[in-house]
Amino acid sequence: MNTDDTKTPATTAPKFASIVPVVKTDEQWRAELTAEEYAVLRKAGTERPYTGEYWDTHTEGVYACRACGTELFTSNEKFDSHCGWPSFFAPLAEGTVKYIHDRTMGMDRVEVRCAACDSHLGHVFEGEGYNTPTDQRFCINSVSLSLRPTQAG
Ligand SMILES: [Zn+2]
């Protein structure tokens with residue numbers, strides 16, 4: 001048990017996620033993932049907008065990493081950005097994702113990766129003016145995620 005007696009915010013998510021690192025070889029990933037999943041998750045590809053499974057999904061639930069199953073985002077932080085990819089204004093908890101400065105493609109962006117298995121998820125953009133608590137947009141590939149719907153009842 002965690003005996004930390006500091007007050008935790010009144011949210012359902014823990015403030016810091018405990019991440020179990022997942023390390024696999026490139027051959028293992030290639031064998032376990034589909035070609036599209038591998039291209040995005042392990043080669044930092046991007047699915048075409050408006051084609052992914054979750055860009056317009058409003059189902060309640062938790063979005064886990066498609067590669068390793070670590071829970072990364074929830075439907076509570078998902079919002080309609082109309083950009084063609086699933087968008088979240090925050091991760092499920094601090095520590096579930098990590099940030100990598102990305103200067104490829106002639107742009108200056110911040111890449112978002114799964115903190116557990118280091119798979120590519122998408123990018124995070126800030127200050128775009130969306131009416132969300134953080135003014136951040138985690139622009140995540142559907143193929144990087146796996147939705148676990150909240151069980152009714
Ligand atoms: Zn992962």
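This is a predicted model: local features need pLDDT of at least 70, side-chain atom pairs count only at pLDDT 80 or more; totals for chains, interfaces and linings use all residues.
1. Asp135 is found in the loop between E7 and E8; here helices (H or I, at least four residues) and strands (E, at least two) are DSSP runs, numbered from the N terminus. The phi of Asp135 is near 55°, a positive value in a residue other than glycine. At 25% relative accessibility, Asp135 counts as partly exposed, a class that lies between buried (under 20% relative accessible area) and exposed (over 50%), with a 1.4 Å probe and protein chains only.

2. Residues are numbered from 1 along each chain as its sequence is written, and side-chain values use heavy atoms, with hydrogens and water left out.

3. Tyr50 has a positive phi of about 65° although it is not a glycine. Tyr50 is found in the loop between H2 and E1, and at 44% relative accessibility it counts as partly exposed. As background, most residues other than glycine have a negative phi.

4. Strand E7 (residues 120-126) and strand E8 (residues 136-140) pair in the antiparallel sense over five bridges; two strands are said to pair if DSSP finds at least two bridges between them. Within this pairing, Phe125 stands opposite Arg137 in E8.

5. Both strands belong to an open sheet of six strands, in the order E3-E4-E8-E7-E6-E5 and with antiparallel pairing. Strand E3 (78-79) and strand E5 (97-102) stand at the edges with a single partner strand each, so one side of each is left without a neighbour in the sheet.

6. An open sheet of three strands has the order E2-E1-E9, again with antiparallel pairing. Its edge strands are E2 and strand E9 (145-149), each of which pairs on one side only. The twist averages 30° from one strand to the next, with axes taken as lines fitted to C-alpha atoms (for helices over the stretch in contact) and angles running from 0 to 180 degrees between N-to-C directions.

7. Within that sheet, strand E1 (residues 61-65) and strand E2 (residues 71-74) pair in the antiparallel sense over three bridges. Tyr63 has Phe73 in E2 as its bridge partner, and Ala64 stands opposite Glu71 in E2. The hairpin of E1 and E2 has five residues between the strands, and in it Gly69 takes a positive phi near 85°.

8. Thr57 lies in the loop between helix H2 (35-41) and E1. With a relative accessible area of 13%, Thr57 is buried. A polar atom of the Thr57 side chain lies 3.3 Å from the backbone oxygen of Glu53. Leaving aside neighbours within four places in sequence, Thr57 is in contact (heavy atoms within 4.5 Å) with Tyr63, Lys78 and Leu147.

9. The structure holds 11 salt bridges, each a side-chain nitrogen of Lys or Arg within 4 Å of a carboxyl oxygen of Asp or Glu. One of them joins the side chains of Lys98 and Asp118 (2.7 Å, N to O). Lys98 lies in strand E5 and Asp118 in the loop between strand E6 (109-114) and E7, so the pair ties together parts that are 20 residues apart in sequence. Lys98 is partly exposed at 32% relative accessibility, and Asp118 is partly exposed with a relative accessible area of 28%.

10. Asp118 also meets Arg113 in a salt bridge (3.2 Å, N to O). The side chains of Glu128 and Arg137 form a further salt bridge (2.7 Å, N to O); Glu128 is partly exposed, with a relative accessible area of 36%, whereas Arg137 is buried, at 9%. Salt bridges that share partners join Lys98, Glu111, Arg113 and Asp118 into one network.

11. The largest nonpolar core has 22 residues, and those with the most contacts inside it are Leu72, Phe73, Leu121, Phe138, Ile140 and Leu145. Such a core is a set of buried Ala, Val, Leu, Ile, Met, Phe, Trp, Tyr and Cys residues joined through side-chain atoms within 4.5 Å. H2, E1, E2, E6, E7, E8 and E9 each supply at least two residues of this core. Not counting residues up to four places away in sequence, Leu145 touches residues including Tyr63, Leu72, Phe73 and Ile140.

Note on methods. A polar contact is a pair of N or O atoms within 3.5 Å; within protein, one must be able to donate a hydrogen and the other to accept it, and residues adjacent in sequence count only if both atoms are side-chain atoms.
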